[in-house]
Amino acid sequence: MLWSATARLSANPSPLHLPVFNQSITVFGKSKPSRVCCSPSRAMETNDDTSKAKGLSFDDFLSKKPYSPPTWASHLKPIPSHVFSLAHLPTPIHKWNLPNLPQNTEVWLKREDLSGMQLSGNKVRKLEFLLAEAVAQGADCIITIGGIQSNHCRATAVAAKYLNLDSYLILFTSKLLVDKDPGLTGNLLVERFMGAHIQLISKEEYAKIGSVALTNVLKEQLLKEGRRPYVIPVGGSNSLGTWGYIEAMREIEEQLQIRSNRVKFDDIVVACGSGGTIAGLSLGSWLGALKAKVHAFCVCYDPDYFYDFVQDLIDGLQAGVNARDIVSIINAKGLDYAINTSEELKFVKEVAAATGVVLDPVYSGKAAYGMMKDMAENPKKWEGRKVLFVHTGGLLGLFDKVDQMAPLVGNWQRMDVNESIPRKEGIGKMF
């Protein structure tokens, strides 16, 4: 079933209790590394007027630049020739004041959810490399595929439109909904505002046919129409997209370097949904200076699937390392992909109330839930360690969970104003 922006729109283990508290938040450096991709290592900006002018340059955003990798990744092949500047970088790192942590354990947060507004989350870093290749190949439209609330598909639709490319999104959904207008909830609203051409397929058909065959079918159709499509895989996760998080690891290293009191992370924790993010982070941590242990909480399939998939991605870069040596993958799927227990949703709500950080329910919410559960069950494993949790974004996915979340957020009432309070018609101005 085809839906486009112009189509007619028609009239869904035990909880971890987190007390609310206040503590100061430490943010990494006022001085930020500049986004210079054409030198072996990015230049460090100082806090003078010249640096501020560089950081605010309107010539940088949406520009395409020659790319040079970190020195520790220069042996990987193939190295991308160019990269687009699509994300607002560097994303901040700050202390995450989660309660009930093991003794002397610190958790810090890498805010990939702040890499943009409608173009936010971890997918943007992959798209910077993928769309550079698409433009270099002369593409006039982009094809990609994902779930009905895919953050990747939404980011792709936005990034494509920035670059004057059309987007074609294959979204899998329930067989009961595949013939109905998909609506405007969450990511769908942004995609359809962008004019994305949406094609729906049932989860059952998707499981039998597979993403590669489905995108190829659409690609052949568009080629016959005279279009020049470029196909991006699920989640933007291929060897080229992996460079996004190799580059992110360079950014993290530089953020650590500019701190006066150096922090050394022992562990990196992140959600895993398509494999590209954990491949880049793990390879970057292994090859670079950080040498942190990467823990990936997978929210679909199983760890063995992702070990094999990550191995394929890093083999595609001729890295010469074993995936099982550089990342630990833990099952955090729960009931199923994008399906939450009430305990998981309660955890997401409690984290927001306790720390001000909103996690998405599909990826980072499940990963953080799994991390805190493991810390509670195995505190000795985490005691005294400094952990960097990578928040991969996905806020819009919460809007698809409003019915489930509603019973958890009942803190409202009508304001009671005593009759003794003076009243006069027209005294209250709305604006």
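## Ground rules

Residues are numbered from 1 along each chain as its sequence is written, and side-chain values use heavy atoms, without hydrogens and water. Because the model is predicted, local features need pLDDT of at least 70 and side-chain atom pairs count only at pLDDT 80 or more, while totals for chains, interfaces and linings use all residues.

## Around strand β11

Let's start with β11 (residues 293-298), a strand in the sense of a DSSP run of E with at least two residues; helices are runs of H or I with at least four. Five of the six residues in β11 are buried (under 20% relative accessible area, 1.4 Å probe, protein chains only).

Strand β11 runs parallel to β10 (residues 267-272), with six bridges, and parallel to β12 (residues 327-331), with five; strands pair if DSSP finds at least two bridges. I268 has V294 as its bridge partner, and F297 has I330.

## Aromatic pairs

Rings of Phe, Tyr and Trp (its six-membered ring) pair if their centres lie within 6.5 Å; planes under 30 degrees apart are stacked, over 60 edge-to-face, and the rest tilted. That rule gives 12 aromatic pairs. One of them is Y67 with W243, edge-to-face because the centres are 5.9 Å apart and the planes at 75°. Y67 lies in a loop and W243 in helix α7 (residues 239-257), so the pair ties together parts 176 residues apart in sequence. Y67 is buried at 8% relative accessible area, and W243 is buried at 1%.

F172 and Y206 form a tilted pair, 4.4 Å centre to centre with 35° between the planes. Both F172 and Y206 are buried.

Notes:
Buried < 20%, exposed > 50% of the residue type's maximum accessible area, 1.4 Å probe, protein only.
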